[in-house]
Amino acid sequence: MTGREVINLIQKLEAEGMTAEKIIETIKYVETAEPKAETK
């Protein structure tokens, strides 16, 4: 994710009432999760 995408995500999640701690957990997960192997 680019910096701008992270900011947009944070703003969207804050608007939906998500706490800062939960937002950070979510971003950490997205950025560190192993990508799924493509299946054909």
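A salt bridge here is a side-chain nitrogen of Lys or Arg within 4 Å of a carboxyl oxygen of Asp or Glu. The model is predicted: local features need pLDDT of at least 70, side-chain atom pairs count only at pLDDT 80 or more, and totals for chains, interfaces and linings use all residues. Residues are numbered from 1 along each chain as its sequence is written, and side-chain values use heavy atoms, with hydrogens and water left out.

**View A. Glu 25 and Lys 22 form a salt bridge.** Their closest N and O atoms lie 3.8 Å apart. The two residues are three apart in helix α2, so about one helical turn separates them. Helices are DSSP runs (H or I, at least four residues), numbered from the N terminus. Glu 25 is partly exposed at 48% relative accessible area. Lys 22 is partly exposed too, at 41%. Classes follow relative accessible area: buried under 20%, exposed over 50%, partly exposed in between (1.4 Å probe, protein chains only).

**View B. Glu 16 and Lys 12 meet through their side chains.** This salt bridge spans 3.3 Å, N to O. Glu 16 is exposed, with a relative accessible area of 55%. The structure holds two salt bridges.

**View C. Met 1, Tyr 29 and Val 30 make a nonpolar surface patch.** The patch covers about 330 Å². Patch residues have over 30% relative accessible area and no salt bridge; nonpolar side chains (Val, Leu, Ile, Met, Phe, Trp, Tyr) are joined within 5 Å, like charges within 9 Å. Areas come from the Shrake-Rupley method with a 1.4 Å probe; for residues, only the protein chains shown count as cover. Val 30 sits in helix α2 (residues 20-32). Val 30 is partly exposed, at 45% relative accessible area.
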